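Keep the structure open while reading.

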Amino acid sequence: MAKIIDEVSRTFSEYLLMPQLTLGNHIPENIVLTTPVAKSSRAAPGRFSLNIPFVSASMQSVSGADMAISLARHGGLAFIFCSQPIDEQAAMVARVKSHKAGFVPSDSNLRPETNLREVLEIRRKTGHSTMPVTHNGQRNGRFLGILTDKDFWEFEDDLNAPVSDFMTPKEHVVFGTLGVSLHDANRLLQKHKKECLPILDKDGSLRSLVFKKDYVDHMNNPDELLDGQKRLVTGVGVNTHDYEERMPALMEAGADVFCFDSSDGYTEFQKEAALWARKKYGDAVILGGGNIIDGNAFRYLVEEGGVDFVKVGIGGGSICITREQKGIGRGQASALMAVVAERNRYYAETGTYIPVCSDGGLANDTQIIIALAMGADFVMMGRYFAMTIESPTPRVSIGGRIYKPYWGEGSNRARNWQRYTNRGAQNAGMKFEEGIDAYVPIVGSVREVLSVTLAKLKSTMCNIGALTLRTFAEKAVLTRISEQSFVESGTSNVLSLDKDIPREL
């Protein structure tokens with residue numbers, strides 16, 4: 001007969017945190033939210049960390065290039081969805097990596113004989129208003145000058161005239177030489193009051209560009225997540241079907257973190273794919289596995305598959321109906337606590353620390369905080385980010401309010417057949433859905449929603465007497481609440497101005 005686990009499957013809403021001693025230095029300004037993503041050991045530090053413990057789900061309606069750019073600028077990570085052609089996913093990665101950097105390869109280059117009409121077309125396609133002029137129109141051609149939108153008038157000048165009539169020639173351009181530090185390049189921009197600094201090699205060929213706006217952007221986003229080349233960092237979802245073709249293309253595009261996108265990661269398919277990636281790329285690839293809900297699955301993916309982090313959660317997402325359709329899953333709080341406990345035992349045995357990501361079951365900021373207190377190193381969210389301006393879906397007006405479409409990767413709309421079929425049944429199509437098609441209200445930008453959540457998280461950490469997430473989880477004391485305690489947690493015996501008393505127009 002089936003084995004029955006006596007423990008009740010619990011959710012985050014069933015717990016509250018008990019305050020611990022707050023000392024004088026426990027203030028929000030002193031809190032550090034850096035958290036690991038790659039596995040580490042006592043002897044070898046982790047290869048990758050986030051500056052805030054938030055990542056966006058690998059979903060069509062959540063994680064496009066705009067989300068990846070915005071989230072990285074604030075210290076988090078987006079996992080660009082894999083339920084699309086390989087070249088399109090790689091193009092999204094490339095767009096994120098080229099969005100900004102210290103030294104930017106030029107991808108809008110002109111020849112001297114290019115006419116202004118062509119310049120306007122390039123500007124419409126790329127949005128770039130500053131374009132280097134090289135002898136052959138290539139990014140590393142011999143530098144001849146530079147053209148900006150201030151050098152000509154679109155509606156007054158002859159659009160058939162060549163760029164050479166309008167560009168600022170090299171002899172009047174301030175430029176840096178290959179090998180200059182980013183700090184010194186920015187000082188040159190400041191000294192000469194320029195917006196763009198071309199970087200040339202000893203032969204006079206263009207190597208890269210440095211922009212003032214990137215410096216300003218960096219100063220306005222001190223937590224932004226950058227790689228070794230000062231490019232924004234992005235994650236990608238991959239599956240267990242075409243990983244041998246998809247992963248090399250994404251590596252070539254510059255993807256930083258990979259994670260298997262699967263409703264159930266406790267499979268031999270995922271182990272084989274993880275071993276293939278590790279054999280081909282070694283520690284150069286940061287790889288997450290999942291989703292899982294217990295310690296046995298944790299051990300399997302870590303010991304057999306060699307993954308860097310594990311993702312916890314089955315059926316807890318706001319648009320996921322896996323539990324309803326198939327009867328599999330576990331309350332998210334119970335699943336997370338079980339995997340965290342196994343992670344801690346594994347660390348005690350081996351000295352290797354495996355980060356844990358809690359994915360799903362997060363209905364509000366309070367539950368995000370509870371998940372981190374229970375030991376999650378970071379949380380993955382779909383609906384939370386789907387409601388922002390940067391999510392990839394269009395705005396829709398319903399009843400006078402503005403919404404965005406939001407659908408699960410297991411819905412018919414996603415057409416993500418591979419995620420829910422075994423290898424031998426790839427052509428079988430989707431027999432039933434594990435996700436729904438819905439709408440969510442727009443609540444603001446990524447910056448706006450994160451600022452509120454981060455303020456709550458830091459305030460709670462001060463209440464617990466913790467300045468780091470690791471200490472937060474170690475010092476947290478949680479208490480289960482009854483149904484009446486849950487009611488008591490909200491407002492009671494009053495008329496709410498927002499809910500109960502109508503406002504006069």
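Helix α6 (residues 243-253) passes α7 in a right-handed crossing. Right-handed means that the near helix is turned clockwise from the far one by less than a right angle, and left-handed means anticlockwise. Helices here are DSSP runs of H or I with at least four residues, strands are E runs of at least two, and both are numbered from the N terminus.

This is a predicted model: local features need pLDDT of at least 70, side-chain atom pairs count only at pLDDT 80 or more, and totals for chains, interfaces and linings use all residues. Residues are numbered from 1 along each chain as its sequence is written, and side-chain values use heavy atoms, with hydrogens and water left out.

**Helix packing**

Two packed helices are described by the angle between their axes and the distance between the axes. Axes are lines fitted to C-alpha atoms over the stretch in contact, and angles run from 0 to 180 degrees between N-to-C directions.

α6 and α7 (residues 268-281) pack at about 45°, with their axes 11 Å apart. That makes α6 oblique to α7. Angles under 35 degrees count as roughly parallel, over 145 as roughly antiparallel, 65 to 115 as roughly perpendicular and the rest as oblique.

Which residues of α6 and α7 meet? From α6 come Tyr243, Glu244, Met247, Pro248 and Met251; from α7 come Glu272, Ala273, Trp276, Ala277, Lys280 and Tyr281. Contact means heavy atoms within 4.5 Å. The residues of this contact divide into eight nonpolar, no polar and three charged. Nonpolar covers Ala, Val, Leu, Ile, Met, Phe, Trp, Tyr, Cys and Pro; charged covers Asp, Glu, Lys and Arg; the others, Gly among them, are polar.

α6 also packs against α2 (residues 86-99), at about 20° with axes 8 Å apart. The two are therefore roughly parallel. Their crossing is right-handed. Ile86, Gln89, Ala90, Val93, Ala94 and Lys97 of α2 meet Glu245, Arg246, Ala249, Leu250 and Ala253 of α6. That contact divides into seven nonpolar, one polar and three charged residues.

**Salt bridges**

The structure holds 23 salt bridges. A salt bridge puts a side-chain nitrogen of Lys or Arg within 4 Å of a carboxyl oxygen of Asp or Glu. Three of them follow.

| Pair | N to O distance |
|---|---|
| Lys97 and Asp227 | 3.0 Å |
| Arg246 and Asp242 | 3.0 Å |
| Glu195 and Lys212 | 4.0 Å |

Lys97 sits in α2 and Asp227 in the loop between α5 (212-220) and β13 (235-238), 130 residues apart. Both Lys97 and Asp227 are buried. Buried means under 20% relative accessible area, exposed over 50%, and partly exposed in between (1.4 Å probe, protein chains only). Arg246 and Asp242 are both buried too.

Glu195 lies in the loop between α4 (182-192) and β11 (196-200) and Lys212 in α5, so the pair ties together parts 17 residues apart in sequence. Glu195 is partly exposed at 47% relative accessible area. Lys212 is partly exposed at 38%.

**Helix α1**

Seven of the nine residues of α1 (residues 65-73) are buried, so this helix is largely enclosed by the rest of the structure. The buried ones are Ala65, Met67, Ala68, Ile69, Ser70, Leu71 and Ala72. Their cover includes β5 (54-56), β6 (77-80), α2, α12 (383-386) and α13 (446-464). Just after α1, Gly75 takes a positive phi of about 100°.
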